[in-house]
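Let's walk through how two protein chains sit against each other, then look at what is packed inside one of them. Have the structure open as you read.

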Amino acid sequence: MRVKLEYIAPATVEEALRLIAEYGEEAKILAGGQSLLLFLKQGLVAPSYLIDIKTNLSKELSYINVEDGILKIGSLTTHRDVEKSRIVKDEIPILADVEKDLADVQIRNWGTVGGNICVADPTADLPPVLVVLGTKLKVRSLDSERLIPVEDFYVNLYETVLSPAELLVEVQIPKIPRDASIAYERLSHMKGERPVVSAAAFVRIDHNSLKCEEVRIAVGGAGSTVIRARRAESLCRGEKMEENLLQKVGDHVADEIEPSDDIYYSRDYKREMIKVLVRRALYKAVAKIRP
Amino acid sequence: MKTYHVTVRVNGVTYERMVKPTTTLAQLLRYELGFTGTKIGCDQGACGACTVLVDGKAVKSCSVLALQVNNKEVLTIEGLAAGDVLHPLQIAWLEHGAYQCGFCTSGMLMTAKALLDENPRPSEEEIIMAIKGNLCRCTGYVKIIEAIKSVAQQKGEE
């Protein structure tokens, strides 16, 4: 049991930023705690300061708006609020679908989108979907602010590019263009479990030629972070998204990504599953496109 | 470890205690306040036996820090019945035999209550999705789902 642990619930974002600038590595930021509490109980983290941002900052950082064609979600918005939001269902329905199946209602009621993103679990559902949506993360420190594309956010297992003095404040997702759609496929052996592997695909098609104008493919659970399969994506551009191409792309993604073994599943199994999931995600995305 | 003041309303009564930062809501309820109807199964946020309602929302109390429910309303299994009058869900549990060892029961009932408060006539699929976070090792869930369905149907007839 920790001997020294102080709890602080800052009243404003500015105060929170001052605290994390001062305490740095000695502090852990507590949002919903649906991941952090487990790490604390298991002794995987042992901070001297617990900075609770959920209690007082939710009024400032929990929101869902559309501004300048971008869906903006405050980092302390709960999963449940995203799941139920009319705005999300209208603008980025895939996000509401993914949130509906995420964990269970109890965890979604208390856990936050920002907390989930920052935990950097490589099997998490949101990162692959956010990557293919072209999501940017607004991050603040005492004296600066930056906008980080999600695909540049993850460094390693449970590690992001955030410095200890930085706080994720907002998730920005551009509206989905016409002639584009997104699909997400996950493989888990029981509902509510973390996926073995998962694949998200964004496809935009020219409605005259039916050729692919833009594609983004991201895979979760294959490595220490979410991985974008850029080389495989280039196979699609300018091509008609037909069955045998999708098959080829799925195979290429599995080759490009080189999944690693984990304690549950072998890399060979993941390779085979990635081929299938990528193909299915691409197929579903294409099928959903309304010109 | 330093302790901090928390004020919480449980089943309509206000309590004040000093707790450690790491004290969970489950620990506060059971060990500080004596509400042992809430069970700690896995203590990892997986089994849901510890489910209670905070401001009307189902949460796993083992995964919520006590200090985060400061000034909030908590409903535990002890607050489900109105004195001697059982909640319709509790009656349904008895009528359908939706329990064996009873360890998952408090959490399961709280989750079911939250579901019906928000969605009075859920489909079977919605019931199944709603109890996803509550594990039962004894019953195989069938009677639990039937019990919840029976209350949902009753509400529909009202």
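About 2500 Å² is buried between chain A and chain B, with carbon and sulfur atoms giving 58% of it; buried area here is the accessible area (1.4 Å probe) that two parts lose on being put together, summed over both. Interface size is often quoted this way, as accessible area lost when the parts come together. On the chain A side, Tyr7(A), Gln106(A) and Trp110(A) lose the most area to chain B, together 28% of what that side buries.

A word on ground rules: this is a predicted model, where local features need pLDDT of at least 70 and side-chain atom pairs count only at pLDDT 80 or more, while totals for chains, interfaces and linings use all residues. Residues are numbered from 1 along each chain as its sequence is written, chains are lettered from A and ligands numbered from 1 in the order written, and side-chain values use heavy atoms, leaving out hydrogens and water.

Here is the A–B interface in numbers:

| Item between the chains | Value |
|---|---|
| Chain A residues in contact (heavy atoms within 4.5 Å) | 32 residues |
| Chain B residues in contact | 31 residues |
| Salt bridges (Lys or Arg side-chain nitrogen within 4 Å of an Asp or Glu carboxyl oxygen) | four salt bridges |

One salt bridge joins the side chains of Lys84(A) and Glu118(B), at 3.6 Å from N to O.

Now for a residue on the other chain. Asn134(B) sits in the loop between helix H4 (124-130) and helix H5 (142-157) of chain B; helices are DSSP runs (H or I, at least four residues), as are strands (E, at least two), numbered from the N terminus. Is Asn134(B) buried or exposed? Asn134(B) is buried, because its relative accessible area is 1% and the cut-off for buried is under 20% (exposed is over 50%, partly exposed in between; 1.4 Å probe, protein chains only). A polar atom of its side chain lies 3.1 Å from the backbone oxygen of Gly48(B).

Finally, the inside of chain A. The largest nonpolar core has 36 residues, and Leu71(A), Ile73(A), Ile94(A), Leu95(A), Ile117(A) and Ile173(A) have the most contacts inside it. Such a core is a set of buried Ala, Val, Leu, Ile, Met, Phe, Trp, Tyr and Cys residues joined through side-chain atoms within 4.5 Å. H9(A) gives the most to this core, five residues.

Terms used:
A polar contact is a pair of N or O atoms within 3.5 Å; within protein, one must be able to donate a hydrogen and the other to accept it, and residues adjacent in sequence count only if both atoms are side-chain atoms.
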